[in-house]
Amino acid sequence: MEKILKEQPNIKDWGIDADPENDPTYPMKPNRTDEEQNGYTWERPALQKPTVEILKSTERPNLTAVFGTTLPPKGLSGMIRRNAYKKSEGQFSHWLPLLIADRVDVIEGIIDDLSKGKIPNIYAEIGFKAMWKYNRKAAIARIAAHVAVASAIGLVLFRGRIFNDEKLIKKALKNI
Amino acid sequence: MLAMNYRGPGRVRAEEKPMPEILHPEDCIVKVLRSCICGSDLHLYNGNVPDTRVGTTFGHEFVGEVVELGSEVHKLKLGDKVLVPFNIACGKCSFCRQGLYGNCHESNPEATAVGGIFGYSHTAGGYDGGQAEYVRVPYANFGPTIIPEGMDLDDAVLLTDVVPTGYQAAEMGGIQPGDTVVIFGAGPIGIMAAKCSWLFGAGRVIVIDQNEFRLEFVKNYAKCESYNFKSIEDPVQFIKQTTDWLGADVCIDAVGAEAAGSAMQTITGRKTLLQAGSATALFWAINSVKKGGIVSIVGVYGPTGNLVPIGNVLNKGITIRANQASVKRLLPKLIDHVQKGTIKPKELITHRMPLRNVSDAYRIFSDKLDNCIKPILIPPTAKE
Ligand SMILES: [Zn+2]
Ligand SMILES: [Zn+2]
């Protein structure tokens, strides 16, 4: 310690919290109380009443004393989530379906917006204004990507329309 | 009330939402005066955290004023200005009684690995967060801490996560006087970890990142060395070389799942989600630390799994210590450090934006535009 202190860096408050006891070269647990050795026995806080569907990890016997009640599972994403919660946290079959449900939820979110008469302003949502101001190159690349996707969708719909629209087909056949 | 609203990867907006309600006798409602966007919010923003439901309000770093109290809240009164630790902790379960407030067993029914966190998906309890005008705060007798007279709200808001997490990163490193500490990541947490490493007596502090403005910032703020891994061919080789070819005593991963620097990790971790985020920083930390050294992880990863050189952990006899910061445990000491000027958190805040502009704020922070280090959001009901 003496030797090291001689070459102490010139930093304000250097070493004020140095703790030679905190040397975890071997794993250690400071302030060991062994509280957890008593198992699931603590005096529980008052229990919040579930007013909506709360999904629960299989790795515990009950709901926690408090929980969030935002956004209960619903729709197709909700069905996927309910199934995912039947598997323990140690399994990929718990987490991967949840990620898939998240993506389904995004589509359901857009449908939900539209059903409320709200067309989501995706450019505003991705912070395009900031991108345009501070990173013009990325903003232009983003537009190009959107145009490409939109044209591909347009093409599919347009072709679909030709082959599904009887009048158009008849008209086309007449002209042959 | 106005609140941030998640719509899908890379898409967020500010939108009207119903006011939060008291749902438990120990709840309170806090009117938010400041809230931050955190690096770990970017994992949610990018859609990498399972069970992030569309419509969620993010935000686990906020301060505000108590405007409503549950029937069993005795430690707060209306009008109190509080800083709210990001962990939701009961203070009674066996984990809380050991000071492991990030691991409370009575706040998150959806997962046992982590306690409840405000605005951090249903994997962390399904609570709405503080990037809103009002927020429900459970366990109000335990978590919220009254902001000391005279403390700037900008300092206070960084005591909810950034300062304790950076401090605990250094603390878990078990830094001994004279130790060389390498920190991966010069975001707010990495910057704070560098600053705090000196408080534990580090002999040398080195920060590795790829953003020049952040490297310059940390060099000045924490008075440490900083290097850009893009101009170093191999960061591990570089660290070995600069530490007498033995490696650093302590390495800190202050990046987590959004790490850049390895194409393989980026593709498997961030683009295809085959692993729970890109583990580049942790990979480097394990390989750069000295044999018998300590790796401290505060960067956040998803719950599935990551590609890390665990064989080297064994062969080098490395100790890994990691946790979500136990904010409430550290607050007394850290409030003191802030009041004495040892730590000056608010210098990290580079952007102040109205909550209404939350989409642009996320884009600026996520893409590191306009030399952004830490943005804070001001709700319309909070007067500056
Ligand atoms: Zn945070
Ligand atoms: Zn607890």
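User: How many residue pairs are in polar contact between chain A and chain B, and what makes a pair count?

Analyst: The count is 42 residue pairs, both residues at pLDDT 80 or more. A polar contact is a pair of N or O atoms within 3.5 Å; within protein, one atom must be able to donate a hydrogen and the other to accept it, and residues adjacent in sequence count only if both atoms are side-chain atoms. This is a predicted model, in which local features need pLDDT of at least 70 and side-chain atom pairs count only at pLDDT 80 or more, while totals for chains, interfaces and linings use all residues. Residues are numbered from 1 along each chain as its sequence is written, chains are lettered from A and ligands numbered from 1 in the order in which they are written, and side-chain values use heavy atoms, with hydrogens and water left out.

User: Why is the pair A:Lys118 and B:Glu15 called a salt bridge?

Analyst: The rule asks for a side-chain nitrogen of Lys or Arg within 4 Å of a carboxyl oxygen of Asp or Glu. The closest N and O atoms of A:Lys118 and B:Glu15 are 3.1 Å apart, so the pair qualifies. Across the interface of chain A and chain B the rule finds nine salt bridges.

User: What area is buried between chain A and chain B, and how many residues are in contact?

Analyst: About 6,500 Å² is buried, with carbon and sulfur atoms giving 55%. Buried area is the accessible area (1.4 Å probe) that two parts lose on being put together, summed over both. On contact (heavy atoms within 4.5 Å), 76 residues of chain A meet 81 residues of chain B.

User: Is B:Asp360 buried or exposed, and how do you know?

Analyst: Buried means under 20% relative accessible area, exposed over 50%, partly exposed in between (1.4 Å probe, protein chains only). B:Asp360 has 11%, so B:Asp360 counts as buried. Leaving aside neighbours within four places in sequence, its contacts are A:Gly127, A:Phe128, A:Lys129, A:Ala130 and B:Met353. B:Asp360 sits in helix α12 (residues 358–366) of chain B. Nine of the nine residues of α12(B) are buried, so this helix is largely enclosed by the rest of the structure.

User: What makes B:Ser121 and B:Tyr139 stand out in phi?

Analyst: Neither is a glycine, yet phi is positive: near 75° for B:Ser121 and about 50° for B:Tyr139. B:Ser121 is in the loop between β7 (116–117) and β8 (134–137) of chain B, and B:Tyr139 in the loop between β8 and β9 (145–146). B:Ser121 is buried, at 1% relative accessible area, and B:Tyr139 is buried at 1%.

Notes
Helix = DSSP H or I, 4+ residues; strand = E, 2+ residues; numbered from the N terminus.
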